[in-house]
Amino acid sequence: MNSDLIVEKKEITISIFEKALKKLISNNYLLFTLYGMIFSYFYNLPVLKYSIKGDNEFRLYDILGFFIVFYYYKNYKLINYIISRVIYLKMLRYFIYWCIITMGTSLFFYIFYDALLSFLQVILYMYHLVVFFLSAVFFYIFCLDKKVQKKGVYLIIILSIVSNLIVLFQNFGVIDFLWSDAYKDAYGMFFSGTLGPNKIVLGMTTFFSFSMCMGVFLERQMKVNRILLYSAILLNLYILILSGSRTSYVALGIFVLYFALRSPGRFTVVAGVFSLIFLTIITINPDLRLSMEETLETRIYSKLNKSKDIEDNDVGDLYTDLGSGRDKLTVANAIYILENPMIIPFGAGFMNRFDKAPGLSAHNMYLQVIKETGLVGFVLYFGWLFSYFRIKFDRYKDFSLALNGMVWAMLVTLFFGEHLYIYRPLFGLLGLFLMITSIFVSGLHKIEIKKA
């Protein structure tokens, strides 16, 4: 075949692709749906209640997700092509495909135990996984337009500030507890604003927001209002501490350690400046300091002081003290997997609640993903997380520091929970994580794709 003809065909293909891409990112309805999805990750209060099996709730992302799926259906060829070209999206898609396959095993158990109606919850979990993923894919595409990327940054900054202020005002008695009595009975009078009464939701939401803000702060090419940015950093840091989520404390520690090791000079300056500002604020306002000290005393110091001498504690004792009994559940699930080796290769099925494992959750994603999806799912899931390290930034390079720090924090803290999964008490954590990584990774492109 004539080489000129081959080149011409490639040019035609590229032209068709660019036209389809420009048409997609000119769709303002889809863009505002994506903005709505981001908002929904900060607003987890139910917007609709229904009853299929007990009391069920629809959240904003449940409703907006139908539009996301519709837009995917209309543009699936283009979307699938883009996913195949972006390593972390491709790896996560493989994991989702495998989860869908293992749903067949779960369905068998639900039929066998005459609980077919409960399988609807499994479908809802998969719906969340797909919707969070597709929303991030669409937002990644829109963020190729750097104006949209900046608007996404501003939206998360503002939403994090507002949600944190609500939590702050709740702790000072200005705003009441916003969740129903059922949540109050389950989690106690824990103030979390609109983010969800589980401590990990408040802790990880503030950690993800803090990580994005630090990436924007470090990246000079991203110009945003500095007062707004500094306010978001300090508020997210304070509310993260106030959350009492020990897993989130570990995440913050890993992020800070990674920052210190990768860029010690900048870390010294940045840590010094923000520490000074932070200490000044809590010193001026005694109520802020007392709230923080009370949380740390309850969640950390009192645990450590149970032993006569902290230095006598080994790592196992420390994990037991800080983990609120999670170590027993984790060990029980590890033993269960070893005693049932038939589930190790392929798992017992996505969200299978009838596999006789101790507890619905191992509180350890490394074990949970093997229990549900086997070694195949384990390789795909953690292959997705490690794929972020394979991304090479040729612009917005400082985004990579925040991105990699955030991913390392997840790889460590997933030993203590499943906060990058789609259990109901975790709400939209996975969705927010994916949106923020979409903002970071979209910055690696040299060519800006502008709206038609």
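Me: Is H128 buried or exposed?
Reply: H128 counts as buried, because its relative accessibility is 11%. Buried means under 20% relative accessible area, exposed means over 50%, and partly exposed is in between (1.4 Å probe, protein chains only). One caution: this is a predicted model, where local features need pLDDT of at least 70, side-chain atom pairs count only at pLDDT 80 or more, and totals for chains, interfaces and linings use all residues. Residues are numbered from 1 along each chain as its sequence is written, and side-chain values use heavy atoms, with hydrogens and water left out.

Me: Where does H128 lie?
Reply: In helix 6, residues 119-142. Helices (H or I, at least four residues) and strands (E, at least two) are DSSP runs, numbered from the N terminus.

Me: And what does H128 touch?
Reply: Y61, D62 and I422, leaving out residues up to four places away in sequence. Contact here means heavy atoms within 4.5 Å.

Me: New topic. What is the phi of D114?
Reply: About 55°, which is positive, although D114 is not a glycine. Most residues other than glycine have a negative phi. D114 lies in the loop between helix 5 (87-112) and helix 6.

Me: Is D114 buried or exposed?
Reply: Exposed, because its relative accessibility is 72%.

Me: What about M351, what is its phi?
Reply: Near 55°, again positive in a residue other than glycine. M351 sits in the loop between helix 15 (326-339) and helix 16 (365-387). M351 is buried, with a relative accessible area of 1%.

Me: Last one. How many residues of helix 17 are buried?
Reply: 13 of its 15, so helix 17 is mostly covered.
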